[in-house]
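Q: Hello! I am new to this protein and would like to learn how to read it. Could you walk me through it, one feature at a time?

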Amino acid sequence: MQGTARRRPFPAAAPGSPQPTGQLYPGRHGTVKNEDTFKTSPFHLDLWFYFTLQNWVLDFGRPIAMIILPLEWFPLNKPSAGDYFHMAYNVITPFLLLKLIERSPKTLPRSMVYVSIIMFVMGASIHLVGDSVNHRLIFSGYQHHLSVRENPIIKNLKPETLIDSFELLYYYDEYLGHSMWYIPFFLILFIYFTGCFTPVEEDSRMPVPALLLMGPSSLYYWYLVTEGQIFILYIFTFFAMMALVMHQKRKGLVLDSNGLFLFYSFIITLVLIAVWVVWLWNDKILRKKYPGVIYIPEPWAFYTLHLSNLHAAKESL
């Protein structure tokens, strides 16, 4: 037919020469593998350890460092120690996520991964600014267990339009920043999880270091879900993982050690969230701040309500 170019077939291999397997060919979306074969992927002890360590130090530890370190070292009109922790987190975490994707035995959609990483960095950076100001307000008497307009230090602001500005700051911190931060984060974890399947039963075992890391990893995910108020995102990701596991099981595939580590960490996280909710089920003040169907209080709201006064009383002694 006129105007139609004929495709040239790939040259056949010479008789007796080894047949190429897993060869890379250029495609429309970058270089892709000719075929995805199931390979044994050892447990990524270094990456999972770095993930757990930097999550605890740079994410969970940043507000603690801001409160513990002397205020004279970091004046309220300058970045705090927690802000520098957050900056390091915004650089190190995307790098670790990319390294995790690189080690997947399966070819994963690179374009989606790159866009997710970009959104992750944008969301975490937005959160850096809003979270920095909100946590600095603690030193002025701001109480996280109350809404913006119910806080005593906010009620007295003049003109009242300043309250709208603080609500905008809260929106960027707790809603927009969290969404652009956590949605790409969980999406990348799920994309990686899709490549964690193997037909070899012997590969579906976790080494001892994985079992030791599972506790700290699960506890951090509990903090991430409760403090970030992203239970819906987390539970949908977990259900997607369960559906994928059942689907692959019909094909005779099982999770490898990395997939098991991630899957079991999410299961333990769900148990920890349930325990947290049951423990604070009858707290009337927290119930007022979280009135929705899904009642999951933030740990920092619990701290400002029940522990900050206790901490101040001990310092006064």
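A: Gladly. Let us begin with burial: buried means under 20% relative accessible area, exposed over 50%, and partly exposed in between, using a 1.4 Å probe and protein chains only. Of the 317 residues in the protein, 43% are buried. This is a predicted model, in which local features need pLDDT of at least 70, side-chain atom pairs count only at pLDDT 80 or more, and totals for chains, interfaces and linings use all residues. Residues are numbered from 1 along each chain as its sequence is written, and side-chain values use heavy atoms, with hydrogens and water left out.

Q: How many helices and strands does the protein have?

A: Helices (H or I, at least four residues) and strands (E, at least two) are DSSP runs, numbered from the N terminus. Here there are 10 helices and four strands. Along the sequence they come in the order β-β-α-α-α-α-α-β-α-α-β-α-α-α.

Q: Which residues touch the most other members of the largest nonpolar core?

A: In soluble globular proteins, nonpolar side chains tend to be buried together. A nonpolar core is a set of buried Ala, Val, Leu, Ile, Met, Phe, Trp, Tyr and Cys residues joined through side-chain atoms within 4.5 Å. The largest one has 63 residues, and Trp48 and Phe266 touch the most other members. Elements giving it two or more residues include α1 (45–68), α2 (81–102) and α8 (257–279). At least three of its residues come from each of domain 1 (42–195) and domain 2 (206–299), with bounds taken from an automatic or database domain assignment.

Q: What does Phe266 touch?

A: Contact means heavy atoms within 4.5 Å. Leaving aside residues up to four places away in sequence, Phe266 touches Phe186, Leu189, Tyr221, Tyr234, Thr237, Phe238 and Met241.

Q: Is Ser116 buried or exposed?

A: Ser116 counts as buried because its relative accessibility is 4%. This residue sits in helix α3. Ser116 and Pro184 are 68 residues apart along the chain, yet their C-alpha atoms are separated by 4.8 Å. Ser116 touches Pro184, Leu187 and Ile188, not counting residues up to four places away in sequence.
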